[in-house]
Amino acid sequence: MKSKRSLLTLILALGLASGLCAQTPAPAPAADAAPAAPRLSEAQLLEVFGWFIGKQNGLEELGFSEEQVTALARGMQLAREGKEAPVTLEAAGPQLQEFLGARQEAYLAKLKSDNMAIFETLKGKPGVVFLPSGVAYEILTPGEGVYPKPEDTVKVHYTGTLIDGTKFDSSVDRGEPASFVLNEVIPGWTEGMQKINKGGKIKLYIPAEQGYGATPRQGSGIPPNATLIFEVELLDVTPPPPPAPAAASGTSAPAAQ
């Protein structure tokens with residue numbers, strides 16, 4: 001029963017992801033609506049189901065070869081036939097964990113290597129400055145105002161991309177600048193934004209160690225070990241409010257009249 005419930009959960013998840021399990025009825029199509037999509041064949045549906053299982057279990061990240069996928073399919077065939085696994089989970093568990101862990105580490109190492117390659121190309125680019133942390137930057141437009149300090153609040157317009165040009169965030173697209181205290185964001189921003197003054201534009205190249213590291217940010221579009229590239233316009237700089245004056249010692253509240 002446990003395996004059946006797991007399969008049912010997976011099927012329901014697939015249905016929810018595609019909108020098949022919506023609780024409200026679909027509106028009637030308009031008279032000039034496009035014709036409904038053709039019915040998919042059973043083979044197409046099963047291929048989509050297999051793709052979904054593979055994506056949910058990170059087959060791309062694990063980097064399985066064709067032969068390894070074939071071995072995986074043999075295990076699925078045994079499960080389909082109601083047969084036992086060739087080796088018990090208790091016996092295979094530690095080695096399986098070690099095997100999958102090594103595949104995951106290899107994937108993360110490759111991501112890191114691919115993402116660090118951009119810094120080699122930047123070393124010969126005029127105008128690019130490298131900081132001791134590994135962050136690189138170039139001034140696109142010099143400003144004329146003050147330089148922000150870590151405790152200042154900055155108002156910016158920015159666009160963030162990955163090394164392949166994929167855009168993962170943009171205040172420009174949202175049409176509204178962002179404001180935040182500079183030392184409350186990723187270290188690469190805190191360090192890099194101190195190199196541009198108010199009214200200027202800067203391009204930041206932030207290695208993973210100064211960004212989000214090896215932990216993927218769910219829903220952000222930022223994979224693990226990602227180099228982040230930001231184009232930022234510094235619109236305003238606001239220093240923190242002065243600390244409230246301390247109460248004078250040795251005084252007491254006035255007595256009630």
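Leu-96, Phe-99 and Leu-100 together make a nonpolar surface patch of about 230 Å². For a patch like this, nonpolar side chains are joined within 5 Å, using residues with over 30% relative accessible area and no salt bridge (a side-chain nitrogen of Lys or Arg within 4 Å of a carboxyl oxygen of Asp or Glu). Areas come from the Shrake-Rupley method with a 1.4 Å probe.

Phe-99 sits in helix 5, residues 89–122 (helices are DSSP runs of H or I with at least four residues, strands are E runs of at least two). Its relative accessibility is 36%, so Phe-99 counts as partly exposed, meaning between buried (under 20%) and exposed (over 50%).

## How the model was read

This is a predicted model: local features need pLDDT of at least 70, side-chain atom pairs need 80 or more, and totals for chains, interfaces and linings use all residues. Residues are numbered from 1 along each chain, and side-chain values use heavy atoms, leaving out hydrogens and water.

Asn-225 lies in the loop between strand 6 (201–206) and strand 7 (228–238). Its phi is near 55°, a positive value. Most residues other than glycine have a negative phi. With 10% relative accessibility, Asn-225 counts as buried.

Conventions. Buried < 20%, exposed > 50% of the residue type's maximum accessible area, 1.4 Å probe, protein only. Patch = residues over 30% accessible without salt bridge, like charges linked within 9 Å, V, L, I, M, F, W, Y side chains within 5 Å.
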